[in-house]
Structure formats: C-alpha cells, structure tokens
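Dear colleague,

My notes on what was found in it follow directly after.

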Amino acid sequence: MKGQASSSYKGAVKFRMPTAQNLVPIRLDLDVDGQKFKDTFTWNPSDPDSEIVVFARRTAKDLKLPPGFITVMASAIQSQIADFRSLEGQDMYPGERIVPIKLDLRVNHTLIRDQFLWDLNNFESDPEEFAKTFCADLGIQDPEVGPAIAFSIREQLYEIAVQSVASARENRISKKGRRGAEYTPVSKAGSTGLDLVKLFGHKSSVVRTI
C-alpha cells in the first residue's frame with residue numbers, strides 16, 4: 001500500500017506533525033510495585049495539563065490499578081507532551097520528502113508486516129483513516145488493529161519530524177561555520193523518492209492470523 005500524497009512544499013515550515021491533526025503519540029510502559037501497565041494513545045498538546053491527571057485517575061479507576069499508578073502515569077504523559085511542546089516554533093528542514101513507513105505489529109491474533117511510502121509534505125494526511133482503509137482492504141475485522149496501525153504511523157512520523165528539526169538546526173550551524181557550503185541533512189529519511197519507490201513500491205502486505 002502507498003501513503004497519502006500531496007503537492008510539494010518548498011517554503012520554511014515550523015515544527016508540527018505532518019498530519020491533519022497535530023497529536024502527540026504517547027507510549028506508556030509503567031511498573032509500580034511489580035505491577036506493569038502498557039498502553040499507547042494520542043494526545044492533543046493544546047489540551048490543558050489538568051486533563052492529564054483527570055485521565056490518569058480515570059484510567060487507574062477503570063482498570064482497577066493501584067493508586068500509585070496515577071502519579072507515575074500522569075508524570076510519564078506530561079514528560080512526553082513537554083518534549084513535543086519544546087519543539088513547537090522550531091524550524092523543520094523543508095523540501096520534497098517521501099519516506100518509508102514500516103509496520104511490524106502483532107495485535108491479539110493478527111500479525112501485520114507491511115511497508116509503504118508517506119509524503120511528509122502532506123499536512124492533510126490522516127493515519128487513522130489510512131489504517132481504517134488498510135484494514136478494510138485486507139479484511140481485518142479485529143477493532144484493535146486499526147488504532148495500532150495508526151499509532152505506529154504517527155510514532156514514526158513524529159520521530160522523522162524530530163529528525164527534521166535536528167537537521168534544520170544543523171543546517172543553521174553549518175551555514176554559520178561554512179558560508180556558501182552546501183548542506184544535506186542525514187537522517188533515516190535521507191533517500192530520494194525514486195530510490196524509495198524502487199525499494200518499497202513493489203512490496204505487498206503480509207497479514208496472518210495466529
């Protein structure tokens with residue numbers, strides 16, 4: 001399958017997720033007094049911080065987790081949101097960027113391995129809608145698979161966006177240190193669109209029930 005495409009974006013752009021909704025992918029892997037809790041979800045960074053504690057309390061209550069999880073969970077969520085917010089307003093490296101997204105997931109009894117291309121310049125893309133179409137096309141009926149796919153896409157796009165900020169920062173430093181020098185950022189997304197099509201364009205999805 002291929003990611004959603006859009007027209008090229010040539011101007012400078014400030015940090016944000018390359019998706020229609022600017023959401024933070026949150027991953028929790030907590031251990032309180034020997035009891036573990038794992039979860040993944042997205043969070044709107046514009047929501048007030050007071051909602052974080054409310055969410056942690058409700059989650060602990062609904063899942064019957066010990067009270068000690070509330071503070072630990074709220075702190076973990078807050079930390080990841082703070083990291084995201086610290087990048088807001090910073091420049092991202094511009095240009096035509098088609099990157100590979102890889103799926104290697106096991107959700108309940110469904111194993112998914114796939115790879116496809118995604119246009120980072122398309123700020124109207126929707127991982128949730130893409131995941132819904134993906135599941136429909138492959139006949140996946142487990143309702144937990146779609147959200148897992150969407151989260152994986154968002155998490156990878158976030159990592160790439162962070163790399164883009166780092167590349168823009170390095171570019172500024174390079175220009176100051178070496179006037180007139182050409183700078184090409186090196187990242188996981190550093191291949192050309194043509195090379196990526198050769199590598200990923202012919203791949204097919206692998207979905208197994210286990």
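I begin with tryptophan 118, which counts as buried because its relative accessibility is 0%, against a cut-off of under 20%. Please bear in mind that this is a predicted model. Tryptophan 118 is found in strand β6.

Strand β6 pairs with β5 in the antiparallel sense, over 10 bridges. Within this pairing, valine 107 stands opposite threonine 110 of β6. The hairpin that β5 and β6 form has two residues between the strands, and asparagine 108 takes a positive phi there, near 55°.

Tryptophan 118 is also among the residues touched by isoleucine 153. Leaving out residues up to four places away in sequence, isoleucine 153 touches Ile101, Leu103, Phe116 and Trp118, together with Pro127 and Phe130. In the largest nonpolar core, which has 49 residues, Ile153 is one of five that touch the most other members, the others being Leu28, Met73, Ile77 and Ile149. Two or more residues of this core come from each of the strands β2 (24-32), β3 (35-43), β5 (98-107) and β6 (110-119), and from each of the helices α1 (50-62), α2 (68-85), α3 (127-138) and α4 (145-177). The largest share, nine residues, is that of α4. Both domain 1 (13-91) and domain 2 (94-173) supply at least three residues to this core. In soluble globular proteins, nonpolar side chains tend to be buried together.

Helix α4 also holds arginine 154. Is this arginine 154 buried or exposed? Arginine 154 has a relative accessible area of 1%, and it is therefore buried, the cut-off being under 20%. Apart from neighbours within four places in sequence, arginine 154 is in contact with Met17, Thr19, Gln21, Leu23, Pro25, Thr42, Pro127 and Glu128.

The largest pocket has a volume of about 390 Å³. Its lining comprises 16 residues, and those nearest its centre are Thr40, Glu144, Pro147, Ala148 and Phe151. Elements giving two or more residues to this lining are β3, β5 and α4. With six residues, α4 gives the most to the lining of the largest pocket.

With kind regards

Notes
Residues are numbered from 1 along each chain as its sequence is written. This is a predicted model: local features need pLDDT of at least 70, side-chain atom pairs count only at pLDDT 80 or more; totals for chains, interfaces and linings use all residues. Side-chain values use heavy atoms; hydrogens and water are left out. A nonpolar core is a set of buried Ala, Val, Leu, Ile, Met, Phe, Trp, Tyr and Cys residues joined through side-chain atoms within 4.5 Å. Buried means under 20% relative accessible area, exposed over 50%, partly exposed in between (1.4 Å probe, protein chains only). Helices (H or I, at least four residues) and strands (E, at least two) are DSSP runs, numbered from the N terminus. Domain bounds come from an automatic or database domain assignment. Contact means heavy atoms within 4.5 Å. Two strands pair if DSSP finds at least two bridges between them. On a 1 Å grid over the protein atoms alone, a cavity is a set of points where a 1.4 Å probe fits but cannot get out, and a pocket is an open set with protein on both sides within 12 Å along at least five of seven lines; lining residues have an atom within 4 Å of a point. Grid points are joined across faces, edges and corners, and a volume is the space filled by probe spheres set on the points.
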